[in-house]
Protein chains: 2
Amino acid sequence: MENFVFNVPTKVYFGQGQIRHLPEALAPYGSKVLLVYGGGSIKKNGLYDQIYQVLADFEIVELPGVEPNPRIDTVRKGVDLCRKEAIEVVLAVGGGSTIDCAKAICAGVFYDGDPWDFTGDSSLITAALPLATILTLAATGSEMNAGGVLSNPATQEKLGFGNKILIPKVSILDPAYTYTVSKYQTAAGSADILSHLMEQYFDKTPGTEIQDHLAEGLMKTVIELLPVALAEADNYDARSNLMWASSWALNGLIGRGKSGAWSNHAMEHELSAYYDITHGVGLAILTPRWMMHVLNEETLPYFVRFGKNVWGLTGEDEVVAIGGIQKLYEFFVDCDIPMTLPQVGIDASKLAEMATQAVKHSTIATRAFVPLKETDVLAIFEASMEEMVF
Amino acid sequence: MENFVFNVPTKVYFGQGQIRHLPEALAPYGSKVLLVYGGGSIKKNGLYDQIYQVLADFEIVELPGVEPNPRIDTVRKGVDLCRKEAIEVVLAVGGGSTIDCAKAICAGVFYDGDPWDFTGDSSLITAALPLATILTLAATGSEMNAGGVLSNPATQEKLGFGNKILIPKVSILDPAYTYTVSKYQTAAGSADILSHLMEQYFDKTPGTEIQDHLAEGLMKTVIELLPVALAEADNYDARSNLMWASSWALNGLIGRGKSGAWSNHAMEHELSAYYDITHGVGLAILTPRWMMHVLNEETLPYFVRFGKNVWGLTGEDEVVAIGGIQKLYEFFVDCDIPMTLPQVGIDASKLAEMATQAVKHSTIATRAFVPLKETDVLAIFEASMEEMVF
C-alpha cells in the first residue's frame, strides 16, 4: 500500500426528507446563494419548489441549464453571476455534471484567468466559494469528492480538474429524488459507479487487500440493486444503496494507497468530447473490450479474482477470468444499455483521431494497469463497433 | 436503510514516515501540547524521541501512564494539567485506551463537573480541545470516530461516551508503529475490529446491502491478514491493512443507516470492569457463544450469509450457519487467543452479578439483534466457561 492522505470532511445528510436540514447547513456560509441546476427536471419533480420553501430566508440567484457534460461557457456565466451578485455559497442541485460545473464556478470566482485553465493545472485553484449539493443522480461521486470534469465544445476537449478545497461542505443525499430518473440514466449512472470501482480495482499496487475487498463489496451492491431500481423506480432500498455507493466509489476509500491512470475514463472522455454521448454508457461499452484487450498471462490473476469475488464464478482460471468479463457485458446488456458505438451514433470515421487524443490527454501510455498506446486504444474502439461474442 | 448524518472530517496521514507532517498538522491549533500516552512502549520503539524531534518548536506537557481500560482518575489528572498549563491541543499517542482517555480530557477541560458524568449523558460535552492522534495499535477505531470508553474501578463500571466534537482533527496512521505490538495484543486488536464489524453486521434493519457488503470486505481483510501479521510482525502490508480496517470498522461507514444495541460489547464491558481483562479477548470469547445463543429460525438467514460471504462456505443453510460460527471460533483459537473465561482468570462467582449489570448498563434487553435478558447473558457467560464443541 502506498502512503496517502485521506480527508473527506463533507457533512452528508442521507435519507428521505433530509432537505429540511438545508437552512442550518447553509447558514454558516452565508445567505446569498447561487442555485445551479440542469435541464429543469427538478421543477417537474417538485424539488425546485421545496428548495424555495426551505430557503425562504435566503436570497437565491439562479444559474439554470447546466448541460450533461457541462460546458466551460456555463462555468464562465456562473463566475460572472457570482461576482455580480456577491454570492456567498453555491448550491448545486442535480447529478455530477451540475456539481462539477458548480465546483469550477466556486474556484473560478477567485481566479483572474479563464476557468478552463484549471483542466491543465489544478494548482491554479487557490480559493473557492463554499459548495453545497443536493444529489439527484447516483453516478459520479462528485457529491463527496474534490474533482470534476468539464467540456469545451470549441476544442472538442473533455478534461478533469480537482482540488481538495472543492470538496462539498454539505451534501444532501435523498434517494427519493432519484425515483424520477429514467431507466436509461439510472443504468448509465450505475455503469459510471462500476467503472470508478473497476478503474481503481484493476491496479498493480501490492498490499491493497482492504481497498480491493471494499471495491468488491460496492460492485456487488450495485450489481444486486441496479436491476431492482430498473424494475421498480421508487424502490427506496435500491435507490438508497445505489446513491450511497456512488459516493464511496470515488471519495478516496477505494483508491487511496493505490496509483495508476484510469484507462476507460481516458478513452471515454474522447467519445463524449466528440459525440456528447452519456458518459456512463460510453464506459459500459468500452470496459469489457478493454478487459479482453488487457487480459494476458500477467493480468490473469486480477481477472480471476474479479470473476470469483464479484461474480461468484468457480473453475479454471482462464474460464473464470473470461467468464467475469462476459458476466459484466451481459449485465450491461440486461440493463438495456446500448453496448456498441454505432448504437450511440458513433461511426468509424474518427476512431483513430480519438485514439490519438486519448493518449495525448492522459497518462495511459505510461501509468495504466496495462499501458495503452494509440494502437491499443484504436483496437479497443474498433472492438466496440460490434457486439461481443464469448 | 434509516436516515443518518455522516461527517468524519479527520485528516488522516497514512503510511510509513507520515509523522513528518505532525508539525503542520498541529500548528493550526496551537503550540502548547499535552502529550498523552500509556505504559512507555513508545519510549522503547523510538516514537517518543521522534515526537520530540519533529515538535521541537512546540511546548510539550506530558501525561504518561494511561491504563488499558483507561481510568477516570487519569482523565481527571489530564483535565487539571490542561487547565494549569493552558494546553491548546492534545496529542494522544497509543491505542484506543490512550485516545479515549484523551477525548475525555479534551471535553473535560470545558466542563465544570466530573468528566465521569459524560458516560451517563454525552450531551454534557459542549466544547473540547482539538485532538490529534498517533495510532500504535489497530483495534478500536477511536482514531477516526467520536466515541470512547472509560473505566471507574471504584464502582466497577466501564461505560461509553461520545460527541462529534471529539472526532480527532488529525490522525497519523503509520503501520510501522505496530511492528512491536505483541502477538497477543495484535490478535486482541483484530478481534476488536472483527467484533465492531459483527456488532453492526448482525442487525435487522432492512435494505442495508452496501453496509453489509462493506462489512464483509473488512472482515475478510482482517481474517486474511491477521495471521500474516502474527507470523511476521514487521509485514508492512499486513500491518497497514489491519490498521486501516480498524478505522473503517467503526467510523460510521458500516453502521450508519442501521440501528440496534451492541450485545457483545455490553457483555464484555462487564468482564473488563470486574476483571480488567483485554477488551478484544473478552469479545473473542463471548462472540461465538452469543452467536450460538441467538441462532434461531428467524436469525438463520443472517448467519447463512455470514458463513457464505465471510467464510466461503456452501451447503445446507443450517450447516453453513453453524459452520461460520465454528470457523470464527477456530480462527480465534488459531490466533492463540485464550478462548474461555477461566483462561483469562474469570471464575463463575460473579457471572450472575455481571449479567445483571450488562442488562442494566445497556439497551440489549430491548434494542439488540436478539433482545437479551439477564438469563440470556448468564447463559452466554456460562457457555464461555468451557471450550466450544461443534
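1. Helix α8(B) lies across β1 of chain A together with β1, β5 (131–135) and β8 (170–173) of chain B, and runs at about 150° to β1(B). Helices (H or I, at least four residues) and strands (E, at least two) are DSSP runs numbered from the N terminus. Axes are lines fitted to C-alpha atoms, for helices over the stretch in contact, with angles from 0 to 180 degrees between N-to-C directions; contact means heavy atoms within 4.5 Å.

2. This is a predicted model, in which local features need pLDDT of at least 70 and side-chain atom pairs count only at pLDDT 80 or more, while totals for chains, interfaces and linings use all residues. Residues are numbered from 1 along each chain as its sequence is written, chains are lettered from A and ligands numbered from 1 in the order in which they are written, and side-chain values use heavy atoms, with hydrogens and water left out.

3. Strand β1 (residues 4–14) of chain A and β1(B) run antiparallel and are joined by seven bridges. Within this pairing, A:V5 has B:Y13 as its bridge partner. Two strands pair if DSSP finds at least two bridges between them.

4. The open sheet has twelve strands in the order β3(A)-β2(A)-β4(A)-β5(A)-β8(A)-β1(A)-β1(B)-β8(B)-β5(B)-β4(B)-β2(B)-β3(B), with mixed pairing. Its edge strands are β3 (59–63) of chain A and β3 (59–63) of chain B, each pairing on one side only. On average, neighbouring strands are turned by 25° against each other, direction ignored.

5. In chain B, helix α4 (residues 72–85) lies across β2 (32–37), β3 and β4 (89–94), at about 155° to β3(B).

6. The contact between the chains takes 40 residues from chain B and 40 residues from chain A. About 3,500 Å² is buried between them, 58% of it given by carbon and sulfur atoms; buried area is the accessible area (1.4 Å probe) that two parts lose on being put together, summed over both. Elements giving two or more residues to the chain B side are β1 (4–14), α7 (209–231) and α8 (236–249).

7. A salt bridge is a side-chain nitrogen of Lys or Arg within 4 Å of a carboxyl oxygen of Asp or Glu. One links A:K204 with A:E298, the closest N and O atoms being 3.2 Å apart.
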